[in-house]
Amino acid sequence: MNLDFGLLHAVVAVAKAGGFREAARVTGSNPSRLSDAVRRAEQQLGVRLFNRTTRTVTLTDAGRALMERLVPAMSEIDAALDEVNSFRTTPGGMLRLNVPVSATRLVLPAIVPAFLARYPEITLEIVAESNVQDVFRDKCDAGIRYDECLEQDMVALPIGPRIQRFAAAASPAYLARHGRPSHPRDLMQHRCIRGRYASGVVPEWEFARDGETLRIQVGGSLLVSVGSAMDLAVACAIQDGGIVYLFEEWLRPALDAGQLEPILEPWWLSFSGPYLYYHDRRLIPAPLRAFIDFVRQQPV
């Protein structure tokens with residue numbers, strides 16, 4: 001029986017995602033195209049692979065039997081093709097990285113241009129998210145995170161500056177009008193520009209000095225999404241809107257330009273730089289292997 005390999009990929013994508021819309025989001029396709037591919041696969045096979053309703057898409061018994069054999073086989077085919085790719089003079093293919101928004105500002109600009117110049121046949125896709133949870137969602141090959149807690153079979157490779165700080169700052173006009181805090185607790189009397197994670201959590205501001213750590217729940221009239229809306233927070237702070245607490249390097253242009261003034265600097269929290277996370281498996285895709293090797297060659 002001759003069956004288009006692309007149709008099988010569509011069937012596997014829908015089965016793994018549990019629906020056409022989610023499969024389309026993951027694969028970058030569209031639901032109608034995947035639905036048509038599944039329909040043609042069923043016609044060629046002569047069996048129904050999915051039970052469809054307006055709300056659910058589930059595998060039939062025939063579909064489950066096919067997936068049990070097909071998924072491992074297609075994984076082996078993909079691995080074999082990537083094995084051949086490793087013999088190319090210049091590795092090629094797609095590399096997808098899941099990263100926090102901060103990494104697109106503070107880590108990747110110093111790496112990505114030179115990496116793509118060295119490997120012009122690699123297509124790099126960056127999935128930047130504020131809600132950084134699953135490194136491997138959306139079929140990403142690896143991800144960047146600030147937490148070194150490893151899941152089983154995961155490797156963490158240092159990437160970017162190894163020591164970073166959170167910095168508190170406000171505009172000169174704001175400080176002239178409202179006074180300069182001398183202790184983190186003074187922030188409770190100020191307008192602070194706060195962030196909210198996609199999970200709904202509004203984090204406390206954490207400070208440390210001489211072994212003492214303080215966590216302050218600040219208040220203010222502006223609340224923005226952590227990551228995606230932090231540029232707005234900086235812009236509002238520059239325009240006298242309150243005190244902002246963010247990565248020092250994110251604030252550095254405004255600090256150097258005199259648009260913001262640092263406050264409470266002895267209390268700024270230092271923390272370890274980010275890590276590139278990837279699965280510890282025998283065969284790493286050639287584009288990811290090239291990226292890992294490139295990162296290892298970068299000065300720390």
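**From a helix pair to the sheet**

Reply: Met230, Asp231, Val234 and Ile238 of helix α8 meet Trp250, Leu251 and Ala254 of α9. Contact here means heavy atoms within 4.5 Å. Helices (H or I, at least four residues) and strands (E, at least two) are DSSP runs, numbered from the N terminus.

The model is predicted: local features need pLDDT of at least 70, side-chain atom pairs count only at pLDDT 80 or more, and totals for chains, interfaces and linings use all residues. Residues are numbered from 1 along each chain as its sequence is written, and side-chain values use heavy atoms, leaving out hydrogens and water.

Helix α8 covers residues 230-238 and α9 covers 248-256. Their axes come within 11 Å and cross at roughly 30°. Axes are lines fitted to C-alpha atoms, for helices over the stretch in contact; angles run from 0 to 180 degrees between N-to-C directions. The two helices are therefore roughly parallel, a term for angles under 35 degrees.

Leu251 leads on to the core. In the largest nonpolar core, of 63 residues, Leu251, Leu276 and Phe291 touch the most other members. Such a core is a set of buried Ala, Val, Leu, Ile, Met, Phe, Trp, Tyr and Cys residues joined through side-chain atoms within 4.5 Å. Buried means under 20% relative accessible area (1.4 Å probe, protein chains only). Helix α10 gives this core its largest share, 6 residues.

Now follow Leu276. Beyond its neighbours within four places in sequence, its contacts include Leu97, Ala142, Val155 and Phe291.

Next comes the sheet. It is open, with 5 strands in the order β4-β3-β5-β15-β6 and mixed pairing. Strands pair if DSSP finds at least two bridges between them. The edges are β4 (122-129) and β6 (154-158), each pairing on one side only. The twist averages 25° from one strand to the next. Helix α10 (residues 286-296) packs on this sheet, touching β3, β4, β5, β6 and β15. Its direction makes about 55° with that of β3.

The pairings come next. β15 (residues 275-279) runs antiparallel to β6 over 5 bridges. Valine 155 has tyrosine 278 as its bridge partner. Another 3 bridges join β15 to β5, again antiparallel. β3 and β5 pair in the parallel sense over 2 bridges, and leucine 97 has alanine 142 as its partner there. In β5, Ala142 and Ile144 point one way, Gly143 and Arg145 the other, and all are buried.

Definitions and conventions:
Buried means under 20% relative accessible area, exposed over 50%, partly exposed in between (1.4 Å probe, protein chains only). Angles under 35 degrees count as roughly parallel, over 145 as roughly antiparallel, 65 to 115 as roughly perpendicular and the rest as oblique.
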